[in-house]
Structure formats: C-alpha cells, structure tokens
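This report covers a ligand site, a pair of domains and a set of helix contacts. The sequence and structure come first.

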Amino acid sequence: MSMALEAHGLGKRYRRNWALRDCSLHLPAGRIAALVGPNGAGKSTLLNMAVGLLRPTEGTLRVLGQSPGGNRDLMDRIGFVAQDTPLYPDFTATELITMGAKLNRRWDTSLARERVERLGIPLDRRTGELSGGQRAQVALALALAKRPELLLLDEPVASLDPLARREFMQVLMGSVADGETTVLLSSHLLGDLERVCDYLIVLQAAHVQLLGGVDELVSEHKTLVGPRRERASIAGVSEIVRESHTDKQTTLLVRTDGPILDPAWSVHDVTLEDLVLAYLAYPAPGRAILGVAQ
Ligand SMILES: Nc1ncnc2c1ncn2[C@@H]1O[C@H](COP(=O)(O)OP(=O)(O)OP(=O)(O)O)[C@@H](O)[C@H]1O
C-alpha cells in the first residue's frame, strides 16, 4: 500500500515550545483523512511541514514518497489551502486562474472557472473585495484545479455556509473517487467530517492521540454502561479511554480486543464524534499522566 504521508519521530519546536513532538503517522493513498484536535494542537504545523513551508526540528517526513523541503516536482503534485486562505487581494479570480495555468503543469483552467462561476462568484472582482466565504471558495477552486495527488486543506470550510460546506464535501468525495487523490483536511466540524472522511488523525497537545481507518476505529471502540463499579479489568477491553460515574451507574468508552461477554455491561456502538471527544479528553502521551481518565 503506498503512503501519501509518512512521519517518524517528527517534531517542530518554536523557540522553547514544541508545536509537534514524537509524531509518527502514516496516511495511505486514496483516503479522505480528517485531522482533528483542539486549538494549538499542531494541525497547521503538520500541514505546513508537509508542503515544505516549515522545516522539521527533528524526525522525518515523507510526502508522496519524497522529502518536501524545496522540492518543486513534489509541490506540483500537492494542492494546499492554508488556514486563512491567502489570495493576492488585488487580483481577480480570472487573473489568479491565468497565473495558476502558467505556474502549474497539470492545471485545469476550465475546472476552476466553471466552479467559481457556478458558485455565483464574480470572476472579475478583486478577491480583496469578496466575502470571506467567497475567498475561501476561490482558494479551494484553485487548489482543485491543480489536480493534485494530495490535497491538504487547513480548515477549508470554516467560513462556508452549511449548504456550501455540504457541496464542497461532496466535491471532495468525488475528487478522490478516482482513487488517485488523497485528501487531508483539518476541521473542528465533526459532523461534516463524519460524513466524508474514512481516515482519522487526532492530534492533542503536539502528539498523535489516535490514528487509523474510521470504520476500524469505530468498530473496535464501544460504550459500556453498567452498575457503578470502580476500575476493574474487563475481559475484551484493552484500554479504558474515558469513564464517568453517577451514584448508580458507570459509563465507559473503551477500546476492545475481543467481545465483551460480561452480562453486567450493556454494549453500545460509538460514533466518530464520540470517539474524537473521548480521545481529546484523554491524557496526552508524554504529559504527566495521573491515571487514565480518572
Ligand atoms: N510562528 C509561531 N511561533 C511560535 N509558536 C507558534 C507559531 N506557530 C504556531 N505556534 C504554536 O505551536 C502550537 C501549534 O500551533 P498550530 O497552529 O499548529 O495549532 P493548530 O492545531 O493548527 O491550532 P488551531 O486549531 O487553533 O488552528 C501552538 O501552541 C502555537 O501557539
């Protein structure tokens, strides 16, 4: 299986603070991956390193099998929309599309023009005079027009209205349907991600907290509800990710390594949102751990 992204022991330090540390992850080609984590978790740092805008402080990072720093051929194969969707404000969408055609070898001018037109965004208005959502749409159209093998999107839909978000997510799904594109997008909108993403990377406090295919992760985690009891080992449970108690009842979100047969527990499936929220509350690796989810 070929990897679109592969990191080993990757770290980035700004002065004395680590924005990313001991980060080992892989993203198989052809997936739509969600990059999730709280503010300041290191998501933008990871994406910026993947496009060579930042250099790792330690560790290795391979993107489409190559090292990203100063690699023009590799950059031709990657589409990137940064968090604040920067566009030259004095240029119109038409001018940016023309510029894209000059700078990129695999550029699809009609895709960009048709997309911007279909969204009702004036092609001849300076992008500095467009709304924030319209600017984001232009930036996304430019990224898609590159026909990238890897599309990296840093909170691409944050400024889009709900209908536009849904439409864009459908476009993303369509663009990976050919099996040749991989998408990695960071977002806080778990509902949107749940609909389209089939791979999940959860970052928290500069560390990878959870990684894997969404279906596999969802099926190996369960919520258990039973009479109140203090921590005890449960056959079939490899890890208790989160626990909460009322006077009479204990609720656990667990990672399983087999069936839960103890009849004291009722076993429930989890959603992607349950999973992400549980792992975000889980102590980060490398942090002083006082006991899991006490
Ligand atoms: N240029 C910089 N100089 C110093 N520290 C930085 C710089 N950029 C980011 N950081 C720090 O690195 C950490 C990770 O930041 P990053 O922007 O990667 O987080 P993020 O997960 O993308 O957050 P958000 O969801 O808020 O966009 C944060 O603690 C941030 O303060």
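## Terms for helix packing

The axis of a helix is here a line fitted to C-alpha atoms over the stretch in contact, and the angle between two axes runs from 0 to 180 degrees between N-to-C directions. Two packed helices are described by this angle and by the distance between the axes. The model is predicted.

## Helix 4 and helix 5

Helix 4 and helix 5 pack with their axes 8 Å apart, at an angle of about 155°. Angles over 145 degrees count as roughly antiparallel, so helix 4 is roughly antiparallel to helix 5. Their crossing is right-handed.

On the helix 4 side, the contact is made by Thr109, Leu111, Ala112, Arg115 and Val116. Helix 5 meets them with Val138, Ala141, Leu142, Leu144 and Ala145. By class, the residues of this contact are eight nonpolar, one polar and one charged.

How are helix 3 and helix 4 oriented to each other, roughly parallel or roughly antiparallel? Helix 3 packs against helix 4 (residues 109-118) at an angle of about 165°, and 10 Å separate the axes. The two helices are therefore roughly antiparallel. Helix 3 passes helix 4 in a right-handed crossing. Ala93, Ile97, Gly100 and Ala101 in helix 3 meet Thr109, Ala112, Arg113 and Val116 in helix 4. Five residues of this contact are nonpolar, two are polar and one is charged.

Between helix 3 (residues 93-103) and helix 5 (residues 132-145) the angle is about 20°, with the axes 11 Å apart. That angle makes helix 3 roughly parallel to helix 5. The crossing of this pair is right-handed. From helix 3, Ala93, Leu96 and Gly100 take part, and they meet Val138, Leu142 and Ala145 in helix 5. The contact holds five nonpolar residues, one polar residue and no charged residue.

## Ligand site

Which residues lie around the ligand? They are Tyr14, Asn17, Ala19, Gly37, Asn39, Gly40, Ala41, Gly42, Lys43, Ser44, Thr45 and Gln83. In this shell, three residues are nonpolar, eight are polar and one is charged.

Strand 2 (17-28) and helix 1 (43-50) each supply at least two residues of the shell. Helix 1 gives the most, with three residues.

## Domains

The domain assignment divides the protein chain into domain 1 (3-214) and domain 2 (216-280). The centres of domain 1 and domain 2, taken over C-alpha atoms, are separated by 34 Å. Where the domains touch, 13 residues of domain 1 are in contact with nine residues of domain 2.

Which elements supply at least two residues each to the side of domain 1 that touches domain 2? They are helix 7 (190-196), strand 8 (199-204) and strand 9 (207-213). Strand 9 gives the most to this side, with four residues. The residues on this side of domain 1 divide into eight nonpolar, four polar and one charged.

Definitions and conventions: Residues numbered from 1 in each chain as written. Predicted model: local features only at pLDDT ≥ 70, side-chain atom pairs only at ≥ 80, totals over all residues. Near = placed C-beta within 6 Å. Nonpolar A, V, L, I, M, F, W, Y, C, P; charged D, E, K, R; others polar. Domains from an automatic or database assignment. Contact = placed C-beta atoms within 7 Å. Parallel < 35°, antiparallel > 145°, perpendicular 65-115°, else oblique. Left-handed = near helix turned anticlockwise from the far one by under 90°.
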